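Student: Could we go through this structure together? I would like to begin with the charged side chains.

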Amino acid sequence: MSASVVGADGRVAKKAKSDAAPPLPPNIRSVEFLREGMAHSMRFFSPERCVDPAGGYFHFFAEDGAVYDASTRVLVTQARFVFTFAVAYEHLGEPEYLAAVEHGVEYLCDGPLRNRENGAYHWVVKDGAPTSSKIFTYALAQTLLAYAAAVRVGVASARAYLDETWDLLETHMWDATHELYAEEADARWVVDPYRSESGNLHTCEALIAAYEATKETRFLDRAVLVADRCCNRQAGLTSGLVWEHFDEDWKPNLDFANDSEALTIFRPWGFQPGHQVEWARFLLTLQKYAPNIWFVPKARYLFDVATKHAWDDADGGLCYSIDLDGAVCNHDKIFWVQCESIGTAAMLAEATGDDAYWAYYDKLWAYSWDKFVDHAHGSWHRRMSRDHVKHFPEKTKLSLCVDPDFHILGAFAGAIMAMGP
């Protein structure tokens, strides 16, 4: 197998023909295949490689799995690792995954990412000292999700921190007037006027997980409310799709320009097809727990419109962003958009009986298997240009990718839940 070639601009050239993917297995519409997809991720993000015996996990891995930054820790990555190991334990059953969850919860709830002064968390720490202490609903949502996933697999110590994180969000970030969460506060809990669908999207996901872990209806009721406000009220202001950015009165900010390079991946301009698809996945999950007449039709609309406009007929795959008229405005291909769409397509196929979703699932898998799955090292490649030149080779990279396959594990678990054991 030939080595990757890195150009002067840091971009990695296309793989050589000798690096071609093996044939796609015939059983892609099966639970077994999706579990093998999870296992493929976990062969890269294994506890043996990722667990730091001194506390928490290592966060930054090169393409081949080597740790290239052992001292920087990001709240979102730490929380997502806990979730990833918990889902892996649920579906793959290896005891080392449960041990990794327990190890990660201990660091998350009592390690250097905790901000003792305000009861919340630092955004980033290096060598145990904070480099950023801003508070983001997006990050608190990931933290709530981590504790919920840990409780769900039997880590009882995480329960108190699940409740604590709910209380933090409820006390400081919940906007009772508009019935959605604010997005950002400083370390003194002074809330910024910026509002985001993304923070609410991931809070909805975390609330569903909290309900699954505890069966307390306060979490489910809030998840339904947030989903309704985002997917109906707010989306109704922008042709039925969920816009990313709003002002403090929850009016769409159509001219939003991100002023922070560190937040670029969290606050892109345009409609994000991947977020429409994630909303569809959560609506289908809510339909299981609190059936409502609008969940499935809205899930179909979000998936159908987003994927129709974002699919690249020339080079394949789903593009990153579309504009207000449905034209692609960012042609990059990003792994999580593809895998989330795979999981949601399977869920829609099961929910509706419409084989068109299985056909889309097949098309997404054929593309992703060829372009994104890293058959040599495990996991998936991260972000590419339209014509599949990698922007960076690393699997995790500060400010560019903070995901230890949280999206892959979550999307495939949703599909497995819909498909049955």
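Tutor: A salt bridge here is a side-chain nitrogen of Lys or Arg within 4 Å of a carboxyl oxygen of Asp or Glu. Please keep in mind that this is a predicted model.

Student: Is R281 buried or exposed? And what about E205: buried or exposed?

Tutor: R281 is buried, because its relative accessible area is 7% and buried means under 20%. E205 is buried as well, at 6% relative accessibility.

Student: How many salt bridges are there by this rule?

Tutor: The count comes to 29. Another of them joins R43 to E36, at 2.3 Å from N to O. R43 is partly exposed, with a relative accessible area of 46%, and E36 is partly exposed at 40%.

Student: Back to α9. Which residues does F282 touch, leaving aside its neighbours within four places in sequence?

Tutor: F282, which is found in helix α9 (residues 273-289), is in contact with L201, E205 and I208. F282 and L201 are 81 residues apart in sequence, yet their C-alpha atoms lie 8.7 Å apart in space. F282 is buried, with a relative accessible area of 3%.

Student: Which residues of α6 are buried, and what covers them?

Tutor: The buried residues are L162, D163, T165, W166, L168, L169 and M173. Their cover includes helices α5, α7 and α8, together with strands β7, β8 and β9.

Student: D163 is in that buried set. Which residue does D163 pair with in a salt bridge?

Tutor: D163 pairs with R218, the closest N and O atoms being 2.9 Å apart. This pair also links distant parts of the chain, from helix α6 to R218 in helix α8, 55 residues apart. R218 is partly exposed, at 31% relative accessible area. Both belong to a network of salt bridges that links R159, D163, E216 and R218.

Student: Last topic: how many cavities of 30 Å³ or more are there?

Tutor: The search of the whole structure finds three.

Technical notes. Residues are numbered from 1 along each chain as its sequence is written. This is a predicted model: local features need pLDDT of at least 70, side-chain atom pairs count only at pLDDT 80 or more; totals for chains, interfaces and linings use all residues. Side-chain values use heavy atoms; hydrogens and water are left out. On a 1 Å grid over the protein atoms alone, a cavity is a set of points where a 1.4 Å probe fits but cannot get out, and a pocket is an open set with protein on both sides within 12 Å along at least five of seven lines; lining residues have an atom within 4 Å of a point. Grid points are joined across faces, edges and corners, and a volume is the space filled by probe spheres set on the points. Helices (H or I, at least four residues) and strands (E, at least two) are DSSP runs, numbered from the N terminus. Buried means under 20% relative accessible area, exposed over 50%, partly exposed in between (1.4 Å probe, protein chains only). Contact means heavy atoms within 4.5 Å.
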